[in-house]
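Work through the following exercises with the sequence and the coordinates at hand. Each task is followed by a solution in steps.

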Amino acid sequence: MIDTHTHIDGEEFAEDRPLAIQRAKDAGVEKIFVPAIDLKSIGSVVDTCRQFPGYAYPMIGLHPEEVKENWKDAVGQMRRILDEQRQKAPSADNPPFIAIGEVGLDFYWSREFEKEQLEAFEEQVRWSIDADLPLMIHCRKAQNEMVGILRRYERELRRGGVFHCFTGNEREAEQLLSFSNFNIGIGGVLTFKKSHLPEVVPHIPLDRIVLETDAPYMAPVPMRGKRNESAYVAYVRDRLALAYGISPEEIDRHTTANAIRMFLPEGE
């Protein structure tokens, strides 16, 4: 398995990060992908990936909930970091960013910074094109606006991306799948008692799904209410296997291949 979205760099793991990594390995998680959320987190993301080379891989981006009046300053500094990193040879001390993320739109709580979010997201979509990297997209209560922006760049987004933490219906899934280079990220919500996802996911082709935890958030049943961690992606995998009526090993094979093809096409 690959956990394509974990915030293992966060302070929630300050006391036991190496142990959480070992538990993930013991559970069969062979790689984890770590998105940034703001300028400050880039340092912790990269430091974490340096500590676990060949296992943890960094992303760079400004999360929509972190977009404020000064978003241009933050994004400008991030772009410089991205460009400087790409000019250096990849190494354990200089792990290359594998995606632009976590970026997107979030109007769930407020539309106070709607204009800024739209502009920041579009700017980072252009990074994906310039740097030839996939996108890791967060979207809540903003699918129409997100789709509108992506349509403008659809032909140029060669590497596609992931629609992270999908919780929508079959129609919404169909709309996202119309972006042929994008995959859908499935996490702990799939296991929730009132979730409708078990009825939706069988309509999503297996070669378009990746596994994720969003740790430390959104822990799956039977760990709901606890701190999430990458080891728990196995619970998502098992529930997905049940929904498709196939073995967990078959889910592993497809989702791992999908993640490698999108994020590590050179075989890092």
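**Exercise 1.** Does phenylalanine 182 count as buried or exposed?

Solution. The model is a predicted one. Step one: the relative accessibility of phenylalanine 182 is 3%. Step two: buried means under 20% relative accessible area, so phenylalanine 182 counts as buried.

**Exercise 2.** Find the ring pair formed by phenylalanine 163 and phenylalanine 182, and classify its geometry.

Solution. Step one: by the ring-centre rule, the count of aromatic pairs comes to seven. Step two: one of these joins tyrosine 108 and tryptophan 109, whose centres are 4.8 Å apart with 90 degrees between the planes, an edge-to-face arrangement. Tyrosine 108 is partly exposed at 42% relative accessible area, and tryptophan 109 is exposed at 67%. Step three: for phenylalanine 163 and phenylalanine 182 the centres are 4.9 Å apart and the planes are at 20 degrees, which makes the pair stacked. Step four: the pair links distant parts of the chain, with phenylalanine 163 in strand β6 (residues 161-163) and phenylalanine 182 in strand β7 (residues 182-186), 19 residues apart. Phenylalanine 163 is buried, with a relative accessible area of 5%.

**Exercise 3.** Why is strand β4 (residues 100-106) described as largely enclosed by the rest of the structure?

Solution. Step one: seven of the seven residues of β4 are buried, so the strand is largely enclosed by the rest of the structure. Step two: β4 pairs with strand β5 (residues 135-140) in the parallel sense, over five bridges.

**Exercise 4.** Over which rings do the charged ends of lysine 25 and arginine 151 sit?

Solution. Step one: the charged end of lysine 25 lies over the ring of tyrosine 55, at 4.9 Å from the ring centre. Step two: for arginine 151 the ring is that of phenylalanine 179, with the charged end 4.0 Å from its centre.

How values were computed:
Residues numbered from 1 in each chain as written. Predicted model: local features only at pLDDT ≥ 70, side-chain atom pairs only at ≥ 80, totals over all residues. Heavy atoms only, no water. Buried < 20%, exposed > 50% of the residue type's maximum accessible area, 1.4 Å probe, protein only. Helix = DSSP H or I, 4+ residues; strand = E, 2+ residues; numbered from the N terminus. Pairing = 2+ DSSP bridges. Phe/Tyr/Trp six-rings, centres within 6.5 Å; stacked < 30°, edge-to-face > 60°. Lys NZ or Arg CZ within 6 Å of the ring centre and 35° of its normal.
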